[in-house]
Amino acid sequence: MVIMMNLVTLITITLSVALIVEGNLYAAFTPSLRCDTNNQTAPLPTPTYGTGGIFSICTEQIIRGSIQHIYTTLLDFRAYATWNSFVVDVQLPDTVTTASDVYLNMPMTFTTSGLISGVNTTSNEIVTVLSAPSPGNQYAHKAIAINAWRWDDGLGGLGRAEHPNLLTDLGDDTVRYISYETYYGVGGAPVYVLHTQLQEAFERQGKNLKDFIEGVY
Ligand SMILES: *[C@@H]1O[C@H](CO)[C@@H](O)[C@H](O)[C@H]1NC(C)=O
Ligand SMILES: *[C@@H]1O[C@H](CO)[C@@H](O)[C@H](O)[C@H]1NC(C)=O
């Protein structure tokens with residue numbers, strides 16, 4: 001009887017928690033976030049800044065390949081020029097050559113192409129999450145990997161943005177890749193005028209990654 005009661009209690013608690021999580025899908029960052037297909041600019045929460053964003057851009061790709069390979073490719077910034085048509089150059093600290101040299105809070109400068117016709121734009125970025133696909137990592141799952149970086153506007157955080165890459169091993173030799181960026185603050189608001197170009201650039205970048213991984217896998 002006691003065991004029965006406990007089972008019922010357990011199921012009730014589990015269901016309640018599941019409902020709370022479901023009802024607040026966008027209340028907190030979770031590795032299982034997806035692009036909001038109903039509203040492409042709806043702000044998704046990020047690991048560092050959480051909710052309260054102004055807008056997001058988001059792309060989703062199903063990539064045939066290994067989660068570790070995709071995770072490493074995203075951190076192999078020196079190779080971006082060979083596959084990425086959006087981030088065409090990354091300036092890194094001298095000590096950083098390969099993906100395994102990348103560290104938390106590492107500063108880097110992205111050169112991006114295609115946002116404003118005929119002009120390359122640059123942005124300072126700082127690595128915020130390095131959660132490789134192995135048990136015991138920050139998000140503790142061998143089928144989930146996350147890396148992320150945030151935009152440093154140099155204005156003491158008036159404009160904030162963070163770009164997480166969420167990888168989920170789907171168990172059939174494919175990986176779901178969710179790549180988004182959420183903009184925050186008064187300095188993030190003006191970037192909204194570029195959201196269409198940013199969305200296109202993110203989709204292009206996602207397809208570039210898929211082509212690159214599937215071509216060499
Ligand atoms: C979509 O998201 C934007 C935020 O970028 C918000 O301003 C707008 O109200 C949302 N639209 C709908 C229909 O929910
Ligand atoms: C943008 O950067 C790329 C890669 O560094 C370079 O090849 C290209 O000429 C640059 N374009 C402009 C308009 O400066």
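**A guided reading of the predicted model**

The protein chain has an average pLDDT of 87, and 86% of the residues score at least 70; pLDDT is the predictor's confidence in each residue, from 0 to 100. Over residues 1–5 the pLDDT is below 50, and this stretch has zero contacts in the model beyond near neighbours in sequence. A contact requires that the C-beta atoms of two residues, placed from the backbone, lie within 7 Å. Residues are numbered from 1 along each chain as its sequence is written, and chains are lettered from A and ligands numbered from 1 in the order in which they are written.

The protein chain contains four helices and seven strands, where helices (H or I, at least four residues) and strands (E, at least two) are DSSP runs numbered from the N terminus. Their order from the N terminus is α-β-α-α-β-β-β-β-β-β-α. Of the contacts with a separation of 6 or more, 58% join residues 24 or more positions apart.

Strand E7 (174–184) pairs with two other strands, pairing being defined by at least two DSSP bridges. E1 and E7 are antiparallel over 10 bridges, with Ile63 opposite Val175 in E7. E6 and E7 are also antiparallel, over eight bridges, and Thr168 stands opposite Arg176 in E7. E6 and E7 form a hairpin with four residues between them, and Gly171 in the turn has a positive phi of about 80 degrees. Nine of the 11 residues of E7 are buried, so this strand is largely enclosed by the rest of the structure. A residue is buried if 20 or more other C-beta atoms lie within 10 Å of its own, exposed if 12 or fewer, and partly exposed in between. Across the 217 residues of the protein chain, 32% are buried.

The largest nonpolar core has 31 residues, of which Ile70, Tyr71, Ala145, Ile146, Leu167 and Tyr177 touch the most other members. Such a core is a set of buried Ala, Val, Leu, Ile, Met, Phe, Trp, Tyr and Cys residues joined through C-beta atoms within 7 Å. Elements giving two or more residues to this core include strand E1 (55–64), helix H2 (67–75) and helix H4 (195–216). A second, separate core of seven residues includes Tyr49, Ile54, Ala161 and Tyr183. Setting aside residues up to four places away in sequence, Ile70 touches Ile63, Gly65, Leu167, Val175, Tyr177 and Ile213.

Asp153 lies in the loop between strand E5 (144–152) and strand E6 (160–169). Asp153 counts as partly exposed because it has 17 C-beta neighbours inside 10 Å. Beyond four places in sequence, Asp153 is in contact with Leu158, Gly159 and Gly187. The C-alpha atoms of Asp153 and Gly187 are separated by 8.1 Å, although the two residues are 34 apart along the chain.

Two ligand surroundings complete the picture. Around ligand 1 (C-beta atom, placed from the backbone, within 6 Å) are Asn39, Thr41, Ala42, Pro43 and Phe55. Around ligand 2 are Val88, Asp89, Thr111, Ser113, Gly118, Val119 and Asn120. Strand E2 (87–91), strand E3 (107–116) and strand E4 (119–131) each supply at least two residues of the ligand 2 shell.

Methods:
This is a predicted model: local features need pLDDT of at least 70, side-chain atom pairs count only at pLDDT 80 or more; totals for chains, interfaces and linings use all residues.
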